[in-house]
Amino acid sequence: MYFIWISFRNKQVSAQAEQRVIHTYQIINNTEKISHISLDMQSAARDYIISGNPLLAKNSGEAAREIAQPLSTLRRLLTGNVVQQKNFDSLSQYINQLTALNLFVVNTPSLSQEDKISSSKKEILLVNHIRQQADKMLAEENRLITGRIGSYNKAQLNALITSIAGGVLAIVFLTIGLMRIFSDILQRNVAEEKARQSEIKYRR
C-alpha cells in the first residue's frame with residue numbers, strides 16, 4: 001500500500017510540475033507574439049506614411065486587431081501572479097496607446113504629413129516601451145522556467161525510482177511466493193513418497 005500511495009503521489013507531483021512548465025511556455029509564447037505583432041503594426045504604419053499605399057494601411061489595421069487575441073490570452077494566463085500582472089498592466093497600456101494611434105493614422109487620410117511623421121515617431125517610442133516591458137516579463141518567466149523544469153525532472157526521476165523499486169519488490173515477493181509453493185510441493189511429494197514406502201512395507 002505504501003508504494004502504491006508513493007507512486008500515486010509522484011504522478012500527481014509530476015503532472016503538476018509539467019502543467020506549470022506548459023503554463024510558463026504559454027506565457028512566453030504569447031509575450032513574444034505581442035512583441036512581434038506590435039513591431040509589425042508600427043512597421044506597416046510607417047510604410048503607409050511613407051508610401052501612402054492603402055494596402056499597407058490595411059495591413060497595419062489587421063495587425064492592430066490581431067494583437068488583441070494574445071493580449072487577452074496573456075491576461076488570463078497571468079491571473080494570480082501579482083508581479084507579472086503589474087508588468088502586464090504596463091504592457092497593456094502601451095499596446096492600447098499604440099493601437100489607438102495606429103488606427104488613427106491609417107483611418108485619417110487627411111492627416112498632414114507633419115502629423116503623420118510625428119505619429120510615426122510616437123509609435124516607435126511606444127514599440128520600444130512594449131519591447132522593454134515584454135523583455136522584462138520574459139526575463140521573469142525564464143527565471144521561473146528554470147526552477148520549474150528542475151522540479152519536473154526531479155518528479156520524473158522520483159516516479160522512475162519508485163516504479164523500479166516497486167518492480168523489484170514485486171519480483172522479490174513473487175520469487176518468495178514461488179519458492180514457498182515449490183517448497184510445499186516438495187514437502188508434499190516427500191510425504192507422499194514416505195507414505196507410499198510405508199504402505200509397500202506394510203503390504204509385505
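What share of the contacts in the protein with a separation of 6 or more comes from residues 24 or more positions apart? The answer is 79%, where a contact means heavy atoms within 4.5 Å.

Before going further, a word on what you're looking at. This is a predicted model, in which local features need pLDDT of at least 70 and side-chain atom pairs count only at pLDDT 80 or more, while totals for chains, interfaces and linings use all residues. Residues are numbered from 1 along each chain as its sequence is written, and side-chain values use heavy atoms, with hydrogens and water left out.

**The overall layout**

The protein has five helices and zero strands, so-called by DSSP runs: H or I of at least four residues for helices, E of at least two for strands, numbered from the N terminus. Walk along the sequence and you get the pattern α-α-α-α-α. Of the 204 residues, 32% are buried. Here, buried means under 20% relative accessible area, exposed means over 50%, and partly exposed is in between (1.4 Å probe, protein chains only). The protein exposes about 13400 Å², and carbon and sulfur atoms supply 58% of that; these areas come from the Shrake-Rupley method with a 1.4 Å probe, and for residues only the protein chains shown count as cover.

**Inside the core**

In soluble globular proteins, nonpolar side chains tend to be buried together. A nonpolar core is a set of buried Ala, Val, Leu, Ile, Met, Phe, Trp, Tyr and Cys residues joined through side-chain atoms within 4.5 Å. The largest one here has 25 residues, and I34, L74, L91 and I95 touch the most other members. Two or more residues each come from α1 (2-51), α2 (54-66), α3 (68-77), α4 (82-106) and α5 (113-203). The biggest giver is α4, with seven residues.

Take I95 as an example: leaving out residues up to four places away in sequence, I95 touches I34, I67, L71 and I130.

Helix α3 is worth a look too. Its buried residues are P70, L71, T73, L74 and L77. Seen down the axis of α3, these fall within an arc of 165°, so they line one face of the helix. That arc is taken from the directions from the helix axis to the C-beta atoms.

**Some residues one by one**

I28 sits in helix α1. Setting aside neighbours within four places in sequence, I28 is in contact with L138, E141 and N142. I28 and L74 are 46 residues apart along the chain, yet their C-alpha atoms are separated by 9.1 Å. D47 is also found in helix α1; D47 and S120 are 73 residues apart in sequence and 9.7 Å apart in space, C-alpha to C-alpha.

| Residue | Relative accessible area | Class |
|---|---|---|
| I28 | 7% | buried |
| E140 | 19% | buried |
| D47 | 30% | partly exposed |
| V172 | 37% | partly exposed |
| R143 | 52% | exposed |

Finally, V172, F173 and I176 make a nonpolar surface patch of about 280 Å². Patches are made of residues with over 30% relative accessible area and no salt bridge; like charges are joined within 9 Å, and nonpolar side chains (Val, Leu, Ile, Met, Phe, Trp, Tyr) within 5 Å. V172 has its place in helix α5.

Key: Salt bridge = Lys/Arg side-chain N within 4 Å of Asp/Glu carboxyl O.
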